[in-house]
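Please look over the sequence and model shown here before reading the briefing.

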Amino acid sequence: MKIAFVQIALAMVVIAISCKQHAIQENTAVAQLSTPLFPKGEKITNSNFTGDVWLNSLVNADSLNSIAVGSVTFAPGARTKWHSHPAGQIILALEGAGYYQEKGTAKRILRKGDIVKCPPNVSHWHGASIDSNFVQVAITGREKGETVWLEAVTDSVYRKP
Ligand code: MN
């Protein structure tokens with residue numbers, strides 16, 4: 001009788017410990033989800049964007065490597081102006097929901113894991129969706145010159161489905 005009681009008590013302790021362990025693992029997973037891969041960086045203050053946008057320059061182009069890599073965080077509704085890249089650009093969607101549109105084509109919705117290959121000299125814009133932030137890594141070749149900035153993306157263009 002006494003041995004059975006001890007066995008039951010031990011079993012309860014083992015169950016309690018494994019539940020606690022599981023909760024700790026879940027909390028760690030949640031913390032990893034909510035922590036951005038890269039810090040937001042500095043708020044962009046130039047006029048090439050609409051709304052609140054932050055840039056973390058991860059890799060600057062230099063004499064050894066002509067490609068610039070930056071993590072860009074867009075608040076809901078924020079976006080670039082229309083622009084083009086002389087050597088094209090690759091966009092990796094990291095978090096949230098974003099938009100990408102090339103001139104003359106429909107707007108694309110970007111979600112975590114989506115990849116865009118933006119051809120050289122094609123006018124386009126990218127940014128957050130209306131009600132979600134959007135984090136992207138932009139990989140931009142600088143060997144043929146700097147980004148060419150054009151007009152702002154109007155609200156009606158931005159909101160068009
Ligand atoms: Mn671009």
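This is a predicted model: local features need pLDDT of at least 70, side-chain atom pairs count only at pLDDT 80 or more; totals for chains, interfaces and linings use all residues.

Residues are numbered from 1 along each chain as its sequence is written. The protein has two helices and twelve strands, where helices (H or I, at least four residues) and strands (E, at least two) are DSSP runs numbered from the N terminus.

**Overall make-up**

- Along the sequence the elements follow the pattern α-β-β-β-β-β-β-β-β-β-β-β-β-α.
- Of the 161 residues in the protein, 21% are buried; a residue is called buried if 20 or more other C-beta atoms lie within 10 Å of its own, exposed if 12 or fewer, and partly exposed in between, with C-beta atoms placed from the backbone.
- Among contacts between residues at least 6 apart in sequence, 69% join residues at least 24 apart, a contact being two residues whose C-beta atoms, placed from the backbone, lie within 7 Å.

**Strand pairing**

- Strands pair if DSSP finds at least two bridges between them, and by this criterion strand E3 (residues 53-59) and strand E4 (residues 67-74) pair in the antiparallel sense over six bridges.
- Within that pairing, valine 59 has valine 69 in E4 as its bridge partner, and valine 69 also stands opposite isoleucine 139 in E11.
- E4 is joined to strand E11 (residues 134-141) by eight bridges, and these two strands run antiparallel.
- E7 and E10 are likewise antiparallel, with five bridges between them, and glycine 98 has alanine 128 in E10 as its bridge partner.
- E10 is mostly covered, since five of its five residues are buried.

**Nonpolar core**

- A nonpolar core is a set of buried Ala, Val, Leu, Ile, Met, Phe, Trp, Tyr and Cys residues joined through C-beta atoms within 7 Å; the largest one holds 15 residues, of which Val53, Phe74, Ala78 and Ile91 touch the most other members.
- The elements that give two or more residues to this core are E4, strand E7 (89-102) and E11, and the largest share, four residues, comes from E7.
- Leaving aside its neighbours within four places in sequence, valine 53 is in contact with Ile44, Val72, Thr73, Phe74 and Ala78.

**Two exposed loop residues**

- Asparagine 121 is found in the loop between strand E9 (115-118) and strand E10 (124-128), and it counts as exposed because it has 12 C-beta neighbours inside 10 Å.
- The phi angle of asparagine 121 is near 60°, a positive value in a residue other than glycine.
- Beyond its neighbours within four places in sequence, asparagine 121 is in contact with Ser84 and Pro86; its C-alpha lies 5.0 Å from that of proline 86, although the two residues are 35 apart in sequence.
- Threonine 154 is found in the loop between strand E12 (148-149) and helix H2 (155-159), and it is exposed because 11 other C-beta atoms lie within 10 Å.
- The C-alpha atoms of threonine 154 and threonine 50 are separated by 9.4 Å, while the residues themselves are 104 apart along the chain.
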